Amino acid sequence: MAYYWFKSFHIFGVVAWFAGLFYLARLFIYHVEAEMEVEPAQGILKKQYSIMEKRLYNIITTPAMVLTVAMAAGLLYTMPDYLHQGWMHAKLGFVGVLLFYHFYCGRLMKQLEAGECKWNSKTLRLFNEGPTLLLVIIVMLVIFKGEFPTGATTWLIVALTISFLATIQLYARKRRLDKEREVAEAAAGKEQVLQS
Ligand code: HEM
């Protein structure tokens, strides 16, 4: 019975951890993009994003990470055989990368608050893809374990997933370009007013 409790809370932890990581990276993008705003909006937005990032990281993301790892330890305690299986070694390797990502987010958060972050919004958008990739790999490993399927259904799902992700990327790109055009038009309009 303990195994099912550990597994349930392991999954609650995973869901909350990823929700936190996804939202945190999105906040970093908005934080960096606030540079495009004029004062006093820029200062107000940056301060607000720092508060939101800190609360999200300290109150949701980190406790969810601790819950996931603690419940995982309980699962391994009840099922020690998993520790001798290849898929679990691979899973632990990817979880190590995920933990590194988590703590790196903490570092980026501090740099953003101090105005020392060197990353632009494009780099952060790429960084934002990290947890999605890790989530897919880790869940696949835990579900299929050592027997990854290669049949037609698998390729159909892979194709559907790729088209879905490509559509999201294209839509995000369109929105970004629209926003950049809006900012450029607003700046040009302001310049014209100043000249006349
Ligand atoms: C601290 C590292 C982790 C360890 C040691 C660990 C270990 C485990 C173990 C032993 C199970 C039970 C497997 C089974 O009964 O078939 C499990 C289930 C699961 N884990 Fe993890 N896990 C870790 C982190 C993660 C992370 C980061 C994710 C998500 C990306 C994740 C997603 C899942 C899911 C979805 C299940 C349920 C699978 C099922 O019921 O078939 N785990 N984990």
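These legends walk you through close-up views of a predicted model. Local features are described where pLDDT is at least 70, side-chain atom pairs count only at pLDDT 80 or more, and totals for chains, interfaces and linings use all residues. Residues are numbered from 1 along each chain as its sequence is written, and side-chain values use heavy atoms, with hydrogens and water left out.

**View 1. Residues around the ligand.** Here 22 residues surround the ligand, each having a heavy atom within 4 Å of it. The closest are Tyr-3, Lys-7, His-10, Lys-91 and Lys-145. Look for the polar contacts (pairs of N or O atoms within 3.5 Å). Lys-7 places a polar side-chain atom 2.7 Å from a ligand oxygen atom, and Tyr-82 has one 3.2 Å from an oxygen atom of the ligand. In the side chain of Lys-91, an N or O atom is 2.6 Å from a ligand nitrogen atom.

View 2. Met-1, Tyr-4, Trp-5, Phe-9, Phe-12 and Leu-67 make a nonpolar surface patch of about 710 Å². Patch residues have over 30% relative accessible area and no salt bridge, and nonpolar side chains (Val, Leu, Ile, Met, Phe, Trp, Tyr) are joined within 5 Å. Areas come from the Shrake-Rupley method with a 1.4 Å probe, and for residues only the protein chains shown count as cover. Helix H1 (residues 2–33) gives the most to this patch, with 4 residues; helices here are DSSP runs (H or I) of at least four residues, numbered from the N terminus. Tyr-4, which sits in helix H1, is exposed, with a relative accessible area of 53%. Exposed means over 50%, buried under 20%, and partly exposed in between.

View 3. Glu-113 and Lys-54 join their side chains in a salt bridge, at 3.0 Å from N to O. This pair links distant parts of the chain, 59 residues apart: Glu-113 belongs to helix H3 (residues 86–114) and Lys-54 to helix H2 (residues 41–78). A salt bridge is a side-chain nitrogen of Lys or Arg within 4 Å of a carboxyl oxygen of Asp or Glu. Glu-113 is partly exposed at 46% relative accessible area, and Lys-54 is partly exposed at 35%.

View 4. Lys-174, Asp-178 and Arg-181 are linked in a network of salt bridges. Asp-178 meets Lys-174 at 3.0 Å, N to O; both lie in helix H6 (residues 152–195), 4 residues apart, about one turn of the helix. Arg-181 also bridges to Asp-178, with the closest N and O atoms 3.5 Å apart.

How values were computed:
Patches are made of residues with over 30% relative accessible area and no salt bridge: like charges are joined within 9 Å, nonpolar side chains (Val, Leu, Ile, Met, Phe, Trp, Tyr) within 5 Å. Helices (H or I, at least four residues) and strands (E, at least two) are DSSP runs, numbered from the N terminus. Buried means under 20% relative accessible area, exposed over 50%, partly exposed in between (1.4 Å probe, protein chains only). A polar contact is a pair of N or O atoms within 3.5 Å; within protein, one must be able to donate a hydrogen and the other to accept it, and residues adjacent in sequence count only if both atoms are side-chain atoms.
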